[in-house]
Amino acid sequence: MPLFLALACVASVAAGCGSPSEDRSDRIVLAESQELGGYNPVAGYGELGVSPLYDGLLRPASDTDTTLPDLVPALAVAAPAPLGERQWRVQLRPGVTFSDGSLLDSADVVATYKAVANPLVASEIATHFRPITDIRADGADAVVVTVANDADPSPQLLLGIAPSERIEQAPVADWALNTEPVGTGPYELTSLRPDQAVFTARDDYWGPRPHVRSLVFTHTPDDNTRAQRIVAGEVDGASLPPGLLSAVAGREGITTIGVASADWRGVSLPRNNSFTADPVARTAMNVGVDRQTMIDDVLAGHGRPASTPVAEVYGDAYDPRAQFPHDVDGAAAMLDRAGWRMGSDGVRQKDGSTARFDLLYNAQDSLRRDLSTAFAAAMAPLGVEVRTRGTSWDEIDTRLDTAAVLLGGGETPYSIDSQVYDTLHTRVPDSSPYANPGNLTPPGVDRLLDEARSAGRSPDTDAKYREVQQRYISEPSYVFLAFLDHTYAYRDLGWNQTAPILEPHSHGVSWGPWWHVAGWTR
């Protein structure tokens, strides 16, 4: 049923799908698109210090989504203090207890971080913590962190901490913590079903007592259904694709917002394809795509053009000149000069090869579908045939070297190093499958990324990142399209909410207006 008809039905059959009659004055019900469970920090849950269940040594804090947040103490009592060459000491907050009643100490911090790095555990976020080469207890109330570079390790100190007793010597996908989380955060999980998770405020939380006493996440994977449920009053908020915001905006009591993010969408290009392996072809595709039109049409204006994975929020490390112009005629001329001649069927050919490739996307993601379709349409006038197909991540994993993929990135954006290293650097043995899957790297970029990673933040380091962007523009390995604004709808229930924060690739109702729901007041 089309969304506008479904919403009309919702409005006219209020008795069957209206607001529940029970009191919800201190409870918030949210429609979650992602599967429930997986509440394990070692597997990546709450990796950036944003979680109702866990705290990290530090947490992000900001009153705006237009700049990088400050990283402030949470389980630590102060910022990490330098202690010898490339070592930092972190003093722990005293008297903090986990939701199972056990007391936080340095052994818990050490066990959590060592588990992430343990090959047996097979954590997918292990590469994000590669700058930490060692972590050890300094008594029961402090840890010493050793890093591989001269940079402040604060961006790696946001990881949620679990009790050492809950750390398992087994693949992280099999851990009990995934469905039985134990953290130091302001809420604990009190009920979990496939369709619903209930988080209840802890009276023994070390910080201020949350005014929102209960959070209920209902698993609602379908975009239209989430929109219907918020209009019906069945839920108080949801993440929605940008194109659906207009369907709920302006309805009584509903507010819609877009939150800036460092979350990019782009097309990874395979090495094992004669056309996409040609650097000139990759440049021509970047020049031939109209990013602003995609943002206007597909994202309903909720985003910014992306030519590289570096966003303006990185200040002096961002190079505003590193942009691809939109020039269809110029892109066609590049392909002509490179020997890719237009065929009678409207598709270019060169030396027996055809300008054709598959573009795969996650079939459950309507935004990736729409961006894939728009990209294919933009390539057709250039004589490039892009065959789009929605499929599963399981299949995509097996096709990364032969097919293009509509990917997203920006998992850990609170340092520029984390934002760009895995995306642009040549793959290493423990790289994620989605880290530079085509393994196409412009000359000199590996060296610059390694040098920038090994140094602390400085004007010289900023200059290296600007040079990375210039070199990337000269020989791109992806077609980056946009930085997204994550879009949400919620009912105004009279709470004094915290301002949104710059978001990573991960979103859903753990972010948006609710990223720090424990700080809401009446």
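Leaving aside its neighbours within four places in sequence, which residues is Pro-163 in contact with? I looked this up in a predicted model. The list reads Phe-98, Asp-100, Ser-102, Asp-108 and Val-182.

**Entry 1: Pro-163**

I placed Pro-163 in the loop between β7 (142–147) and β8 (187–193). Buried or exposed, I wondered about Pro-163? Its relative accessible area is 0%, so Pro-163 counts as buried, the cut-off being under 20%. I also checked a C-alpha pair: Pro-163 and Val-110 are 53 residues apart along the chain, and their C-alpha atoms are separated by 9.9 Å.

**Entry 2: the buried side of α12**

Next I went to helix α12, which runs over residues 445–454. I noted Val-445, Leu-448, Leu-449, Ala-452 and Arg-453 as buried there. They cover an arc of only 130 degrees around the axis, so they sit on the same side of α12. What covers these buried residues? I found that the cover includes α11 (416–424) and α13 (459–474).

**Entry 3: α12 against α13**

I took angle and distance for this pair, because two packed helices are described by the angle between their axes and the distance between the axes. For α12 and α13 I have an angle of about 160 degrees and axes 9 Å apart. Angles over 145 degrees count as roughly antiparallel, and α12 and α13 are therefore roughly antiparallel to each other. Their crossing is left-handed. On the α12 side, I listed Val-445, Arg-447, Leu-448, Leu-449, Glu-451, Ala-452 and Arg-453 as making the contact. From α13 come Thr-461, Lys-464, Tyr-465, Glu-467, Val-468 and Arg-471. Sorted by class, this contact has 6 nonpolar, 1 polar and 6 charged residues.

**Entry 4: α11 against α12**

Then I did the other neighbour. At what angle do α11 and α12 pack? I got about 150 degrees, with the axes 11 Å apart. That makes α11 and α12 roughly antiparallel to each other, too. I logged the crossing of α11 past α12 as left-handed. α11 brings Asp-417, Val-420, Tyr-421 and Leu-424 to the contact, while α12 brings Val-445, Asp-446, Leu-449, Asp-450 and Arg-453. By class I have 5 nonpolar, no polar and 4 charged residues in the contact of α11 with α12.

**Entry 5: cross-check**

I compared the lists for α12. Val-445, Leu-449 and Arg-453 are among its buried residues.

Notes
Residues numbered from 1 in each chain as written. Predicted model: local features only at pLDDT ≥ 70, side-chain atom pairs only at ≥ 80, totals over all residues. Heavy atoms only, no water. Buried < 20%, exposed > 50% of the residue type's maximum accessible area, 1.4 Å probe, protein only. Helix = DSSP H or I, 4+ residues; strand = E, 2+ residues; numbered from the N terminus. Arc of directions from axis to C-beta. Contact = heavy atoms within 4.5 Å. Axes fitted to C-alpha atoms, helices over the stretch in contact; angles between N-to-C directions. Parallel < 35°, antiparallel > 145°, perpendicular 65-115°, else oblique. Left-handed = near helix turned anticlockwise from the far one by under 90°. Nonpolar A, V, L, I, M, F, W, Y, C, P; charged D, E, K, R; others polar.
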